Structure formats: structure tokens, C-alpha cells
Amino acid sequence: MEFQDGLAPAAESHEDILVPADDLREHLVVVGNGMAGCRAVEELLARDAGRYRVTIFGAEPYVNYNRIMLSPVLAGEKTFEQIVINDRAWYDDNGIELIAGDPVTGIDRGAKTVKSQSGRTVGYDKLLIATGSDPFIIPVPGKDLPGVISFRDMKDVDTMLAAADQGGAAVVIGGGLLGLEAAHGLTLRGMKVTVIHLMDTLMERQLDEAAGWLLKSALEGRGQTILTGANTEAIYGDGKVEGVRLKDGREIPASLVVMAVGIRPATALAREAGLEVNRGIKVDDHMVTSDPDVLSVGECVEHDGNVYGLVAPLWDMCRSLADGLTDQHSGYKGSVTSTKLKVAGLDVFSAGDFSGGEGCEDIVLRDASRGVYKRVIVKDDRIVGAVLYGDTVDGGWYFDLLRREENVADIRDLLIFGQAFASGGGALDPKAAVAALSDDAEICGCNGVSKGQVVSCIEAGNCSLDAVRANCKASASCGSCTGLVENLLAVVLGDDVKSGPKTMCKCTSFTHDDVRREIVAQNMRSIPEVMQLLHWSTPDGCSSCRPALNYYLLCALPGDYVDDQQSRFVNERMHANIQKDGTYSVVPRMWGGLTNPRELRAIADVVEKFNAPMVKVTGGQRLDIFGIKKEDLPAVWADLNAAGMVSGHAYGKSLRTVKTCVGSEWCRFGTQDSTGLGVKIERMTWGSWMPHKFKIAVSGCPRNCAEATIKDFGVVCVDSGYELHVGGNGGIHVRATDLLCKVATEQEAMDYCAAFTQLYREEARYLERTAPWIERVGVDYIKSRIVEDDAGREALRARFLYSQSFSQEDPWAERAAGAQAELHQPLAPIAIAAE
Amino acid sequence: MTDWIDIGTLADIPQRGARTVQIAGEKEIAVFRTGDDHVFALVNECPHKKGPLSQGIVHGHSVACPLHNWNIALKTGEAQGADEGCTPTIAVRMDGERILIARPVAMQAAA
Ligand SMILES: Cc1cc2nc3c(=O)[nH]c(=O)nc-3n(C[C@H](O)[C@H](O)[C@H](O)COP(=O)(O)OP(=O)(O)OC[C@H]3O[C@@H](n4cnc5c(N)ncnc54)[C@H](O)[C@@H]3O)c2cc1C
Ligand code: HEM
Ligand code: SF4
Ligand code: FES
């Protein structure tokens with residue numbers, strides 16, 4: 001052994017643990033590497049970092065992660081890495097010995113040792129039991145079949161993801177918080193989900209009948225089947241699960257059954273060790289069990305007759321525990337809990353007691369059109385419970401009043417309208433609302449962070465959402481308190497806030513990526529629907545979000561979505577480019593930059609007939625006719641159409657031009673028919689709507705006369721084939737393309753072009769050109785999707801061509817034929833002679 | 001006494017859209033219909049660089065100018081946010097489905 005230099009290296013874990021000979025500190029052994037166990041250690045370190053030597057045993061083979069975030073992992077919104085609370089470095093930096101994947105199997109209180117499954121024996125001075133809960137498995141036939149699981153840890157999530165990959169049907173038994181989050185995740189993963197719930201109301205422990213009903217209809221609207229009042233008789237299957245049979249004889253086929261009917265405190269270890277156990281392990285106010293050297297926190301304990309199944313109480317318990325272990329006894333007084341459902345787009349909140357009863361009064365607000373239901377239960381002028389559905393912004397405020405047992409007699413009449421109204425003013429200023437919260441009001445329920453803690457974190461110099469998330473964890477988990485944290489930033493810093501992931505616009509707290517994901521996940525079909533489901537804060541959005549939503553829906557629902565003209569910028573509505581004097585410029589399409597006498601004659605005629613003051617050759621090899629009045633546009637288009645020309649889309653977030661050089665047909669250097677390929681590509685891609693403008697070019701040899709390497713998609717022909725380049729643009733910040741790959745045939749060049757275009761259409765944010773998009777996601781990612789994944793490329797290409805089958809109508813021809821004439825004409829011209 | 005001119009019906013203007021009215025000798029007028037079917041009229045010129053407001057995106061009771069995205073309040077004609085400027089408003093009255101605007105007497109007198 002080599003501890004001679006007096007340092008105390010972290011002990012290696014072989015059989016038992018090795019302790020540096022000079023470490024005389026008391027040894028704290030923690031059983032359970034979960035949320036409570038690790039939080040207890042964090043609290044202890046914050047008070048007196050050197051006092052105890054710490055060893056943590058964990059049954060799961062992972063570092064400490066945020067269990068409540070398993071739901072977003074299942075839903076595909078987070079990865080495991082993103083929900084880790086303390087990584088390896090944390091254990092190492094704090095000299096904590098982590099023994100993961102090796103559960104403790106016995107405690108010998110006489111010898112003060114614990115023994116683990118692998119046979120390790122470790123002595124302790126203080127023992128902390130934080131074993132959490134075990135999922136309750138209903139004792140029906142078939143409960144042990146492969147494919148029947150619970151929803152408690154990362155392993156369960158892995159099993160569900162594997163099952164979802166196979167597709168098919170899943171049954172979730174239990175319509176509580178956990179069951180509904182499992183059902184939501186599995187639905188998003190593409191499974192057909194049925195929820196079986198014994199009671200008549202979903203989440204009956206948190207919701208009353210009215211809110212439960214609203215929730216049920218919303219979930220059914222998302223394609224889940226919800227069976228309430230349904231009693232499971234058996235799970236059937238031959239060698240693996242095949243379905244669930246109800247008492248009334250109904251059978252529901254399923255390849256996966258998730259039991260989420262409740263949890264039981266994990267007390268076996270404590271019971272065998274002879275500790276006093278009732279429903280949970282009995283503890284006093286300092287979290288000490290019947291043995292003064294054995295402590296316990298988390299879901300496994302029973303305090304004052306109460307057992308908890310949510311995280312908020314753990315934070316209070318861990319504070320009292322750490323106070324006790326560092327001789328500053330404070331004492332735990334029990335917790336009042338509140339609940340939120342973590343299903344995107346469904347806001348459900350409940351707190352306290354809403355069963356009604358003697359002396360209780362209900363204050364109820366329903367707004368059917370907004371899908372809002374609020375109920376506050378008041379007893380003796382104090383709030384004792386609240387149920388909110390659809391609009392939960394005031395949840396924190398009600399909960400704060402409830403916990404502080406505030407007298408609400410004065411504001412009773414306005415209470416139900418929420419904090420902004422009830423605290424006077426009337427104006428709904430969310431900043432004033434958070435400013436008015438008390439310092440110990442809870443902001444982040446997932447991580448137990450109070451307003452006071454967030455404010456001091458900001459005052460310590462963390463001036464952005466990301467910095468706050470990193471330093472005090474507020475809003476770092478489910479994100480439902482992001483709005484509150486942003487408002488606190490604004491209150492503390494005034495206008496100097498550096499915001500984190502940018503929200504789409506001021507009408508929403510969601511980012512572009514969030515909105516896009518939810519549009520697809522919830523199969524939203526119109527702009528008003530998106531705004532309703534995602535709680536837009538304005539009645540009909542603004543000039544930033546409306547065009548973006550219109551595009552996202554158009555891209556998600558080709559052929560189905562009805563374009564909203566009023567959500568398009570003027571150029572796309574008028575199919576021409578507005579100029580600074582309010583007139584328009586018109587650019588007819590010239591395939592690959594080719595033209596002919598007939599087209600040129602038609603253009604010349606239009607210029608003369610409509611007195612266009614200027615014609616110019618554009619950078620994209622087209623002719624631009626300037627100074628056309630909006631009233632004349634349909635007539636101009638009719639004339640151009642007559643000569644066979646269609647809209648050049650020089651005005652749109654769309655394919656602009658395919659620029660070509662003369663190539664092998666004429667040029668002595670040319671290696672391939674660049675002009676011909678350019679024309680084919682333009683015929684394939686024209687008319688497509690994009691997140692931003694999109695330019696293509698094809699050069700016949702590396703001399704690159706068509707400047708293909710500053711285009712969104714560029715082809716440079718070489719002797720042996722075609723080099724494909726992506727992500728370039730001219731403009732203020734010139735960016736040369738990245739080489740995507742080289743292909744051998746013209747057909748492949750076309751296929752890769754279609755696939756790349758579709759990837760950009762589906763994944764870039766609105767108004768993000770290919771250059772910043774590729775810098776954001778990395779060219780390796782693009783290669784992995786387009787070059788390395790043959791099936792994926794083919795699918796993208798097919799989706800592009802499918803979408804194109806609806807978009808290659810010439811908008812000019814429709815307008816020239818009279819469509820939407822009102823856009824070009826004033827209301828009845830009024831001739832009132834000056835008097 | 002205000003003199004009112006009938007310029008058409010609500011249905012002539014798309015929701016969240018605008019149409020223009022041309023009166024001989026007057027500046028063009030933009031008549032807006034909002035998402036909640038209120039009707040407003042402004043001179044069709046942005047206070048910034050005279051952008052045609054009738055071509056902007058109408059949201060809430062504002063319009064975003066098509067040229068440089070200033071937001072103009074439909075009720076007052078004032079630029080919102082950090083921008084400053086004001087476009088003249090024209091009084092509007094609804095008579096059932098029909099839209100009436102005030103005859104611009106003042107302008108004529110000034111002319
Ligand atoms: C999917 C899901 C979503 C949830 N969502 C929410 C929510 O939105 N809000 C909320 O408030 N709560 C939520 N909860 C509940 C919350 O996660 C728990 O209240 C919390 O994790 C309890 O912490 P704990 O430390 O007591 O138990 P755990 O976090 O379960 O930790 C116990 C740990 O001890 C380990 N262990 C057990 N026995 C042994 C042994 N003998 N030896 C070694 N290790 C052992 C276990 O493997 C486990 O890792 C959710 C729970 C789940 C499963
Ligand atoms: C509202 C603003 C703009 C309008 C209406 C507009 C319009 C056009 C038009 C009509 C063309 C002709 C070529 C074609 O058909 O694609 C063109 C070319 C071009 N534009 Fe713009 N443009 C605008 C802004 C910009 C900006 C901001 C940049 C730089 C950041 C830019 C860079 C270019 C370049 C480099 C070309 C030449 C492209 C080529 O050779 O393919 N444009 N633009
Ligand atoms: S890019 Fe090559 S082939 Fe095309 S015109 Fe220039 S030199 Fe000729
Ligand atoms: S002219 Fe209206 S914003 Fe510039």
C-alpha cells in the first residue's frame with residue numbers, strides 16, 4: 001500500500017474499502033444513491049465538508065440522476081446524460097466512495113457494519129438509509145411474464161424504449177401521475193397506448209372529478225385509449241406478455257405492460273435489522289431511526305405518521321438531517337406537497353386538500369373556450385387546497401399562500417383570477433407577480449429551490465438562464481418554472497438579462513425546437529391550435545411567430561395544411577419583392593439560367609407596357625423587372641405566363657435559383673453537363689418552401705464559374721463524378737461550403753440534393769440559413785444523415801418529393817387567373833370631387 | 001358634424017388583413033380588420049419611411065410594417081416599443097356589416 005506521502009488518495013474499491021491510515025474521521029455510510037441519499041450528502045458537504053468520510057452504496061449501476069426526469073427521457077426530450085445530477089467528478093472531488101451496482105443486503109447494528117451483495121463488509125459510525133420505494137406490483141396472474149415492468153428507474157426506461165422500437169401496443173395499468181407520464185412517453189415513441197385505471201377519475205389523488213375529466217378528454221384527443229373504472233383480472237401470454245384481461249371480460253392485446261399503480265417504501269433492509277418500521281422506517285424530527293446511529297431520509301421513511309412520494313419533502317428532510325449531523329439541530333416539521341404533471345402542453349397542478357368537507361368553500365372558475373378549470377378551496381379564510389387545469393401560472397402563488405396559512409379574507413373575491421388581479425393593479429404583469437412572492441416561496445419544485453436562493457444566485461453574478469440553471473439548478477429539470485426564473489432575472493437585473501435557449505418570440509416561452517417537436521408530437525393542424533395548446537400569451541401571435549408557425553405546419557403536413565396567407569410576409573403574399581417605394585420587382589424563372597427569344601421578347605414587352613423603370617441581371621442569373629405597381633402584378637404575370645414563364649420565387653423563403661455554368665456542352669474545360677444537371681435540379685426543387693432562402697449552383701469543373709461553393713447546395717463536376725457541397729452563402733459573412741461527399745452519377749447528385757433539402761426543411765429553425773444551421777449541428781451530423789444512412793437518405797428524398805407534389809403550382813398563374821384579386825385591388829375606388 | 005363614407009363590408013377585408021381606399025386628392029388609406037373583427041383605418045404610410053402598412057402582418061391590434069418591421073398601433077397610429085413616430089388615424093364607424101370612414105374634411109381644408 002502506498003499512502004506514504006501523506007496525501008489521502010481516494011481509496012480503490014476492491015473487496016472492502018481501503019482507508020488511508022491517517023483518516024480518522026467518522027465514517028458515514030449511505031445506502032441508496034438516489035435523490036434523497038445524494039441530496040443529504042450535498043447538504044452535509046455544504047455545512048461541513050471535511051467532517052465525515054462518506055461511502056455511498058447504490059443498487060443501480062449509475063451515478064446519481066434525477067429520477068423525476070425519467071419521464072422526459074422516455075418522451076425523447078432529454079438524454080440520460082442531461083438528467084445526471086452529480087457526475088463522477090463530483091464524487092471524486094469530494095472524496096466520496098461510490099459503490100454502484102452493488103446493493104446492500106444486510107445491516108449488523110451490533111458490529112456496526114453493512115454487507116453487500118458482492119460480499120463486501122463495510123463498517124460505519126453513522127448509517128443513512130435512503131432506499132426510496134419499490135413499485136407496487138398487483139398480484140394478478142401473469143405479473144411475472146417478460147414484458148411486464150414498472151416505471152421506477154433507468155432500466156425500466158431502457159426496456160420501454162426497446163419495446164417501443166418494435167412498435168405495437170402497450171397497456172399502462174394505473175392512471176396516476178406516473179402512469180400518465182409513461183403513457184405519454186410511449187405514445188410519443190409511436191406505441192398505441194391504453195391506460196387502465198381502477199378509479200373513475202384519472203389522478204384521483206391529485207385531481208377532482210372536473211379536472212380529471214378535462215385531462216381524460218385531452219389525452220384521448222392525443223390518441224390514447226383511457227379506460228376508467230377498469231379492473232385488471234389477469235395478464236395473459238405464452239412465454240411473454242400478449243395482453244391484459246379485465247374483470248368484465250374485455251381483452252386488450254399488448255406487447256408491453258407497465259404497472260404504475262403505486263409505490264411502497266423500501267423498508268425490508270431496515271425491518272430485518274430490527275429497526276422500528278411501520279408503513280415506512282420510523283424517524284424523529286432529526287431523521288434518526290430507533291437506533292441513534294442509524295438515520296433515514298426519503299420515500300422510505302415515515303415521519304409523524306406520514307409517508308411521502310414526491311421530491312419536495314426530501315429537500316426539507318435532508319436539510320434537517322444535515323443540521324443534525326453537524327450539531328445544529330433544526331428539526332423537520334412535515335411537508336405540504338403540490339403536484340404538477342410533466343406532459344408537455346397539458347398543464348395540471350394540484351396542492352393540499354381538495355376533498356371538501358366541513359367548513360370548506362369552493363371558488364371555481366371555468367373557461368371552456370380556453371380549456372381552463374381552476375378551483376381553490378378555502379377554509380376559515382385560509383387556502384387549504386387548489387386544483388388548476390389548463391392555466392397553472394398561479395400554482396406557485398396559491399401554494400405559497402397555503403403553506404404560509406395566509407389569511408385571504410381581503411382578496412377572496414379576486415383570488416380565483418390569480419395573483420396579478422388579487423394583489424391589486426389588475427394589469428397582468430408577471431414580473432410584479434414574482435417580485436411579490438415571499439423569499440421562501442418555492443420556484444423550482446424539481447430541485448427544491450426557493451425564490452431567495454434564485455435571487456442570491458443571480459446577485460452572485462449568474463446573469464443568464466443557463467448560468468442560473470448551472471449554479472442553483474432552478475429550472476434545470478422539467479423546465480416548467482423557466483418563466484418564473486426568467487422573470488426573476490428581469491426583476492433582479494433590470495434589462496441586462498442574457499437569455500438562454502432563445503424563445504421563439506415574446507408570445508411564448510418555448511423555443512423553436514420545442515414548438516416544432518410538439519407540433520409533430522401532438523399532430524397539431526393549425527396556427528390557432530398551436531397557440532392554444534402551447535399557451536401563446538398573445539391572441540394571434542406576432543410578425544415573428546406567425547410566419548414561423550405557418551412554415552412549420554406546412555412542412556409537417558404537406559398537402560393537408562391550408563396555408564395562412566395572413567401569416568406570410570408581404571413578398572410571399574404578393575409573390576413579388578416589395579421595394580422601398582412600395583412598388584414591386586418581378587423575377588420570372590429561367591431554368592438553370594437558360595432563356596430564349598420568346599421569353600426575352602415577353603420580358604421586353606412587359607417592361608414597355610408597364611413602364612418598368614429598370615431591368616437588371618441578378619446575381620442568380622435572372623432578369624429582374626423593377627417598379628411594378630401591386631395593381632398591375634396580375635397582368636404582368638399573365639403576360640409572362642403566356643410566354644411559358646412561371647414565378648421565380650426570388651421573393652420567398654424558398655428555392656431561389658439554380659445557377660449554372662455552360663459546362664461540357666460548350667466549355668473546353670467542362671467535365672460534365674452542368675447546365676443540364678442544373679435545369680433538372682431546378683425542375684425538381686422549384687416551388688418548395690424553406691426555413692430561409694435557398695440557392696443552388698452547378699459548376700462544370702473545379703474552376704467553379706457558377707460559384708457553387710458559396711451556395712446552400714453546390715455541385716462541382718469533376719472527371720469521375722460530382723462533388724456535393726453544402727452550407728455556403730454570400731452576403732455580409734461569406735461562408736464557403738463544406739464538402740458533403742462525392743458521388744458518381746447525376747441521379748445520385750439529384751437524390752442527395754433532395755435529401756439534404758428535406759433535412760434542412762425539417763430540422764433548421766425558421767429564418768436560419770443552411771450556413772448557421774450547419775455550424776450549429778456540425779457537418780458530421782449532416783454526413784451521418786445523408787451520406788452514411790442510406791435508408792434515411794432515401795426516406796428524406798421520398799418525403800421531399802411527396803411534399804413537392806403539392807407545391808409546384810405556379811402561384812402567378814393562379815393570381816393571373818383571378819385568385820385573390822382583392823389583394824391587388826383597392827376597395828371600391830371612391831371618387832369624391834374636392835369640394 | 002362628421003361626414004361618413006361607406007367603403008364596403010367587413011367581409012371585403014380578410015381577417016388579420018387590410019385593404020386600401022383611394023380618395024381622389026387624398027393619401028391612400030389602409031383599412032384593417034383584426035383577428036377579433038375590429039376595424040381601423042390609418043393613412044397607408046409608415047411613420048418610418050412611408051412603408052405601405054396595408055401590406056404588413058396584422059397581429060392583435062397592431063400591424064408590422066412590411067419594410068422594416070416597425071410595429072404600429074392600429075388605434076392610435078403610434079409606433080410601439082423603442083421606435084417613435086405616428087401615422088394619422090381615420091375614424092371608423094360600423095353600421096351592421098358596413099364599414100364607414102370619416103370623410104377627411106380637415107385634409108381637404110388644408111389642401
Ligand atoms: C418516472 C418518475 C417520475 C416522477 N416525477 C415526479 C415529479 O414530477 N415530481 C415529484 O415530486 N416526484 C416525482 N417522482 C418521485 C420522485 O422521483 C421520488 O420522490 C424520489 O426519487 C424519491 O427519492 P428517494 O431518494 O427517496 O428514492 P430514490 O430516488 O428511488 O433513491 C433510492 C435509491 O436507493 C437504491 N437502493 C434501494 N435499495 C438499496 C440497497 N439495498 N442498496 C443500495 N441501494 C439501494 C435504489 O436503487 C435507488 O437508486 C417521480 C418518480 C418517477 C419514478
Ligand atoms: C430583403 C432583402 C433582399 C432581397 C429582396 C434580395 C433579393 C435578391 C434577388 C432578387 C437576387 C437575385 C438572385 C436570385 O434570384 O436569387 C439576390 C441575389 C443575391 N443576394 Fe439578395 N436580397 C436581399 C437581401 C440580401 C442580403 C441581406 C444579402 C446578404 C446577406 C443578399 C445577398 C445576395 C447575394 C450574394 C446574391 C447573389 C446570389 C447568387 O449569385 O446566387 N441578399 N438577392
Ligand atoms: S466551371 Fe469549368 S466548365 Fe464551367 S464554365 Fe467554368 S471553366 Fe467551364
Ligand atoms: S417604413 Fe415602416 S418600418 Fe421602415
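Analyst: We can begin with accessibility: Arg245(A) is partly exposed, with a relative accessible area of 26%, where buried means under 20% relative accessible area, exposed over 50% and partly exposed in between, with a 1.4 Å probe and protein chains only. This is a predicted model, in which local features need pLDDT of at least 70 and side-chain atom pairs count only at pLDDT 80 or more, while totals for chains, interfaces and linings use all residues. Residues are numbered from 1 along each chain as its sequence is written, chains are lettered from A and ligands numbered from 1 in the order in which they are written, and side-chain values use heavy atoms, leaving out hydrogens and water.

User: Which residue forms a salt bridge with Arg245(A)?

Analyst: Side chains of opposite charge can pair when their charged atoms come close. The rule for a salt bridge asks for a side-chain nitrogen of Lys or Arg within 4 Å of a carboxyl oxygen of Asp or Glu. Here the partner of Arg245(A) is Glu233(A), with 3.7 Å between the closest N and O atoms. Glu233(A) belongs to strand β15 (residues 232-236) of chain A and Arg245(A) to strand β16 (residues 243-246) of chain A, so the pair ties together parts that are twelve residues apart in sequence. Helices (H or I, at least four residues) and strands (E, at least two) are DSSP runs, numbered from the N terminus. Glu233(A), at 35% relative accessibility, also counts as partly exposed.

User: How many salt bridges does the structure hold over all chains?

Analyst: The count over all chains is 48 salt bridges. One of them pairs Arg152(A) with Glu299(A), whose closest N and O atoms are 2.9 Å apart. This pair links distant parts of the chain, 147 residues apart, since Arg152(A) sits in the loop between β11 (148-150) and α5 (154-165) of chain A and Glu299(A) in the loop between β21 (294-296) and β22 (301-303) of chain A. Both Arg152(A) and Glu299(A) are buried. A further salt bridge joins Arg404(A) to Asp400(A), at 3.1 Å between the closest N and O atoms; Arg404(A) counts as partly exposed at 34% relative accessibility, whereas Asp400(A) counts as buried at 2%.

User: Which residues come nearest to ligand 1?

Analyst: A residue is near a molecule or strand if one of its heavy atoms lies within 4 Å of it. Of the 29 residues around ligand 1, the nearest are Ala36(A), Glu60(A), Arg152(A), Glu299(A) and Lys342(A). An N or O atom in the side chain of Glu299(A) lies 2.5 Å from an oxygen atom of ligand 1, and for Glu60(A) the corresponding distance to an oxygen atom of ligand 1 is 2.7 Å.

User: How do the residues of the shell around ligand 2 divide into nonpolar, polar and charged?

Analyst: For this division Ala, Val, Leu, Ile, Met, Phe, Trp, Tyr, Cys and Pro count as nonpolar, Asp, Glu, Lys and Arg as charged, and the others, Gly among them, as polar. Ligand 2 is surrounded by 13 residues, of which two are nonpolar, six polar and five charged. Strand β34 (residues 655-660) of chain A gives the most to this shell, with three residues. The side chain of Lys659(A) has an N or O atom 3.2 Å from an oxygen atom of ligand 2, and a polar side-chain atom of Lys711(A) lies 3.3 Å from an oxygen atom of ligand 2.

User: How many residues does the contact take from chain A and from chain B?

Analyst: Contact means heavy atoms within 4.5 Å, and it takes 29 residues from chain A and 29 residues from chain B. The size of an interface is often given as the accessible area lost when the parts come together. Buried area is this loss for two parts (1.4 Å probe), summed over both; between chain A and chain B it is about 2500 Å², of which carbon and sulfur atoms give 53%. The rule finds one salt bridge across this interface, in which Arg16(B) pairs with Asp540(A) at 3.1 Å between the closest N and O atoms.

Terms used:
Polar contact = N/O pair within 3.5 Å; in protein donor to acceptor, adjacent residues only side chain to side chain.
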